[in-house]
Amino acid sequence: PNAVLGLPTGGTPVGMYENIRKMYQEGKMDFENVTTFNLDEYLGLTHDHPQSYYYFMNQNLYSGVNLKPENINIPSGTASDFEAECKSYDAKIDAKGGIDLMILGIGPNGHIGFNEPAEILSGPTHTVDLTRETIEANARFFDSIDDVPTKAITMGVGSILKAKKILMLVSGASKQKVAKELFSGDVTTNNPSTLLQLHRDVVVLMDEAADGQ
Ligand code: F6R
């Protein structure tokens with residue numbers, strides 16, 4: 001009842017949020033004492049922008065359950081000082097005793113949150129340049145690819161791996177290659193999701209399209 005949750009946006013978790021709202025309406029879930037921390041947000045989009053992750057979360061979860069506004073956390077895409085915003089986001093997570101359950105999706109390039117494939121990955125929350133592949137993958141939610149923000153603020157791989165338990169949702173054929181690497185036994189920053197192999201409590205839920213069998 002007093003869980004601290006880490007939450008994703010995107011196409012994959014839409015059904016999960018629908019079920020959560022339904023279970024809440026049926027009295028099977030209570031968010032009175034739950035705290036949420038979202039993984040990421042686009043830079044430059046305000047809460048009322050229909051493609052902002054805050055807007056997505058409001059539509060899919062916040063407006064449908066009894067979360068207290070003060071227990072809702074999402075990194076700000078419009079902060080005046082991003083360095084301070086990143087530091088205070090991780091500090092807020094720590095002050096809550098850390099994340100109990102982190103729910104993740106995975107990008108077609110293996111990103112978790114917006115930790116894109118790179119030679120070096122950042123541990124704490126940070127701002128990031130989105131890769132062309134991610135901009136193309138997310139263009140489906142915007143009128144045109146030119147409207148997709150090129151930067152984001154995201155929990156780092158350190159913030160993610162500190163969670164006590166991780167649930168990863170893998171959906172769609174575009175995830176086949178990176179999903180296979182997730183179970184390869186190799187850990188590489190070229191596919192940030194492979195770092196999850198270093199965590200001791202991860203559950204992966206994969207659909208048949210992503211499994212490719
Ligand atoms: C979103 C996030 C991303 C998505 C990933 C998959 O908050 O952190 O890592 O989980 O891009 O997105 P979908 O589910 O749209 O394929």
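Modeller: Axes are lines fitted to C-alpha atoms, for helices over the stretch in contact, and angles run from 0 to 180 degrees between N-to-C directions. Helices (H or I, at least four residues) and strands (E, at least two) are DSSP runs, numbered from the N terminus. This is a predicted model in which local features need pLDDT of at least 70 and side-chain atom pairs count only at pLDDT 80 or more, while totals for chains, interfaces and linings use all residues. Residues are numbered from 1 along each chain as its sequence is written, and side-chain values use heavy atoms, with hydrogens and water left out.

Biologist: At what angle do the axes of helix α1 and helix α2 cross?

Modeller: Angles under 35 degrees count as roughly parallel, over 145 as roughly antiparallel, 65 to 115 as roughly perpendicular and the rest as oblique. The axes of α1 (residues 14-25) and α2 (residues 53-60) cross at roughly 40° and come within 9 Å. The two helices are therefore oblique to each other.

Biologist: Which residues of α1 and α2 meet?

Modeller: Contact means heavy atoms within 4.5 Å. From α1, Val14, Tyr17 and Arg21 meet Phe56, Met57, Gln59 and Asn60 of α2. Ala, Val, Leu, Ile, Met, Phe, Trp, Tyr, Cys and Pro count as nonpolar, Asp, Glu, Lys and Arg as charged, and the others, Gly among them, as polar. By that division, the contact of α1 with α2 has four nonpolar residues, two polar and one charged.

Biologist: In what order do the three strands of the open sheet lie?

Modeller: Two strands pair if DSSP finds at least two bridges between them. The order is β3-β7-β6, with antiparallel pairing. β3 (40-42) and β6 (126-129) are at the edges with a single partner strand each, so one side of each lacks a neighbour in the sheet. On average, neighbouring strands are turned by 25° against each other, direction ignored.

Biologist: Which residues stand opposite one another?

Modeller: β3 and β7 pair over three bridges, and tyrosine 42 stands opposite alanine 152 in β7. Four bridges join β6 to β7 (residues 151-154). Histidine 126 has threonine 154 as its bridge partner, threonine 127 has isoleucine 153, and aspartate 129 stands opposite lysine 151.

Biologist: Which residues of β6 form the covered face, and which the uncovered one?

Modeller: In a regular strand the side chains alternate between the two faces of the sheet. In β6, His126 and Val128 make up the covered face, whereas Thr127 and Asp129 make up the uncovered one.

Biologist: How many aromatic pairs does the structure hold?

Modeller: Rings of Phe, Tyr and Trp (its six-membered ring) pair if their centres lie within 6.5 Å; planes under 30 degrees apart count as stacked, over 60 as edge-to-face and the rest as tilted. The structure holds seven such pairs. Tyrosine 42 and phenylalanine 114 have ring centres 5.8 Å apart and planes at 40°, so this pair is tilted. Their pair links distant parts of the chain, 72 residues apart: tyrosine 42 lies in strand β3, and phenylalanine 114 in the loop between β5 (101-104) and β6.

Biologist: Are tyrosine 42 and phenylalanine 114 buried or exposed?

Modeller: Buried means under 20% relative accessible area, exposed over 50%, partly exposed in between (1.4 Å probe, protein chains only). Both residues are buried. Tyrosine 42 also forms an edge-to-face pair with phenylalanine 142, at 5.7 Å centre to centre and 75° between the planes. Tyr42, Tyr53, Phe114 and Phe142 form one aromatic cluster.
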